[in-house]
Amino acid sequence: MIMQLDDVRKALDWEPVMVPAPAPSDWNAWAHGEPTETVEDPTSSVLLRDGQVLSRVSSKYHPFHNRELLRLVEQANNEGWLTDSVLEFGGGKTVAVNLVDSETVDNEHQLLTTLVNSFTGREALKLLPVDRRVFCANQLPYYSGQRAYRQTHASKSEFPSGVFASIRKDLHRWRDEMDQLREVKMNFGDYIKRLIERAVDTEGDNTRIVERRTQQLEQAYHHPTAPEPGTAYAALQATLLADQKIIAKRGWRTHYGSELSQLGLGIVRSELVSLS
């Protein structure tokens, strides 16, 4: 269901309140459990939503507001993208807006991108090209580790004109390549062997890690939502899914996890080259 702009406006109709952070007047006494007065800390602030703490940030921090995020949604709408959904994670610590290309909204394979704003004080405003709708905060570390457009919180809340057209072009190129991979036959056992060999060269030989990664790949390959097995496309999709789970579980973009999908992509692309 596509959201109208008025519905997006209602979903984003709140802003965090920034107030001075409390601090003990005597840190030494506080550290020893002794009673001390609480005063305002001039160097830090607290972001609140309905009285609930979102984060503690520097007093010089300037967050992107939801009204600025709304302007980016309007920019996307003007460049041919529709709003699929607006999500909040952590009580509003992170806000995500899923966008779908209007040209593919009725297609089986839609082109998707996601706007992500954070009130944690640690992340920039991001525009993420994605291959699946974002529905869980655990997906964000994976997609943030891939190609992303970022605006720091000291920047203006506007992406360069044409950035959404650029994302559309990239996603079309990716989709065309995936369509080609659907026609390439590939033995998954041989693929895993080649992938693990390359991963070991990158990460180092660790039998426990290799066994765990192999198990994750097999589970992803035979997942109920996985594509029909036996193709290079199915092998790569299993790798992408396993990669997301590895990174999401650890909470950040790991060296091994960030390499896994790229290594798999290199293998399946080499099959395309050999057939051309």
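A: Helices (H or I, at least four residues) and strands (E, at least two) are DSSP runs, numbered from the N terminus. Two strands are said to pair if DSSP finds at least two bridges between them. The model is predicted, so local features need pLDDT of at least 70 and side-chain atom pairs count only at pLDDT 80 or more, while totals for chains, interfaces and linings use all residues. Residues are numbered from 1 along each chain as its sequence is written, and side-chain values use heavy atoms, with hydrogens and water left out.

On one side of the pairing, β5 (residues 94-101) is joined to β6 by seven bridges, and the two run antiparallel. Within that pair, Val97 faces Leu115 of β6 across the strands, standing opposite it. β6 is also joined to β7, again antiparallel, by five bridges; here Thr114 stands opposite Leu128 in β7.

Burial is defined as under 20% relative accessible area, exposed as over 50%, and partly exposed as in between (1.4 Å probe, protein chains only). Seven of the seven residues of β6 are buried, so the strand is largely enclosed by the rest of the structure. In a regular strand the side chains alternate between the two faces of the sheet. In β6, Leu112, Thr114, Val116 and Ser118 point one way, Thr113, Leu115 and Asn117 point the other way, and all are buried.

The hairpin of β6 and β7 has six residues between the strands, and Gly121 there takes a positive phi near 85°.

Leaving aside neighbours within four places in sequence, Thr120 is in contact (heavy atoms within 4.5 Å) with Ser55, Val57 and Lys93. Ser55 belongs to β3, where Leu47 stands opposite it. Strand β2 (residues 38-49) pairs with β3 in the antiparallel sense over six bridges.
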